[in-house]
Amino acid sequence: MEAEKIKETVKKAAKELFRKYGYHKTSVNEIAKKARIAKATIYKYFESKEQVLDSILMDYLDQNLYEILHNKVSYGSEEEHLKALVMKTSRLSFTACNEFIGWDFVRENANSQEFLKHLSDQLEALLLAAYLQLDNFKNNPARREGLAFLLKASKSIVFSFAFTSVSDSDVRKNFVSFQKEILPFLVKAAL
């Protein structure tokens, strides 16, 4: 098998197992068995199970971000457009973590804080690069700084949901509160 095909096979097997059992309850041995390859082969291409997860999440976010950013929905103003993009990407990042990791792991695992910080920094860089492709932000340094502030602040708030929400209804309440009470001020500050 060629390298890329092996990586995709590992990610596909891991994704299925993470969704079914959660990240914490899935072992590298189980991923290898599901992918029908040796455990050592996984470590040839990925340093750890965490790196497999990271790769899955980045692929998922990258694919969905492209779809969000290239959706030709018309908004009344640049402010409304930016609010909609931030809400969509915030929900996307929360859903990715919920679907592939599970918030119990995030709350209980000693390494989860470091992992989430790494993930959120990657997500922020990915979002910033994607947004900077939009016409409103190209070649405008002031807008870039405002956008970087908006993404960093929004990201911090959304990831805090993981540690303050006990149930899905709490998450929904937090998103509504963020959308109505906080996001409008962040967008105004960014623009």
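**Cavities, a pocket and an annotated span**

Me: Which helix gives the most to the lining of the second largest cavity?
Reply: Helix H5 does, contributing three residues. Please note that this model is predicted.

Me: What residues line that second largest cavity?
Reply: The lining is made up of Ile 68, Asn 71, Val 73, Tyr 75, His 81, Leu 85 and Lys 88. By class, four of them are nonpolar, two polar and one charged. The volume of this cavity is about 40 Å³.

Me: And how many cavities of 30 Å³ or more are there in the whole structure?
Reply: The search finds two. The largest cavity has a volume of about 80 Å³.

Me: Which helices supply at least two residues each to the lining of the largest cavity?
Reply: They are H5 (78-100), H7 and H8 (141-164). H8 provides the largest share, five residues. Among the lining residues are Val 86, Leu 123, Leu 151 and Phe 159. The lining divides into six nonpolar residues, four polar and one charged.

Me: Stepping back, how many helices and strands does the chain have?
Reply: The protein chain has nine helices and zero strands. Of its 191 residues, 43% count as buried.

Me: Now the largest pocket: how much space lies in it?
Reply: About 290 Å³. It is lined by 15 residues, of which Leu 69, His 70, Lys 72, Gln 133 and Leu 134 are the closest to its centre.

Me: Which helix accounts for the largest share of that pocket's lining?
Reply: H4 does, with four residues. Helix H4 spans 49-69, and both H4 and H7 (112-131) supply at least two residues of the lining. By class, the pocket lining holds seven nonpolar, five polar and three charged residues.

Me: Changing topic, which residues does UniProt list for "DNA-binding region"?
Reply: The unreviewed UniProt entry lists residues 27-46. In the model, that span is 75% helix and 0% strand, and its end C-alpha atoms lie 14 Å apart.

Me: Ala 40 then, is it buried or exposed?
Reply: Ala 40 counts as exposed, because its relative accessibility is 57%, and the cut-off for exposed is over 50%. Ala 40 sits in helix H3, residues 39-45.

Me: How far apart in space are Ala 40 and Val 28?
Reply: Their C-alpha atoms are 9.6 Å apart, while 12 residues separate Ala 40 and Val 28 in sequence.

Me: Lastly, what lies over the face of Tyr 23?
Reply: Lys 49 does, at 4.3 Å from the ring centre. As for aromatic pairs, the structure holds one.

Methods. Residues numbered from 1 in each chain as written. Predicted model: local features only at pLDDT ≥ 70, side-chain atom pairs only at ≥ 80, totals over all residues. Heavy atoms only, no water. 1 Å grid on protein atoms, 1.4 Å probe; cavity = no way out; pocket = protein on both sides within 12 Å on 5 of 7 lines; lining within 4 Å. Points joined across faces, edges and corners; volume = space filled by probe spheres on them. Nonpolar A, V, L, I, M, F, W, Y, C, P; charged D, E, K, R; others polar. Phe/Tyr/Trp six-rings, centres within 6.5 Å; stacked < 30°, edge-to-face > 60°. Lys NZ or Arg CZ within 6 Å of the ring centre and 35° of its normal. UniProt positions renumbered as here; feature names shortened; annotations may be inferred. Buried < 20%, exposed > 50% of the residue type's maximum accessible area, 1.4 Å probe, protein only.
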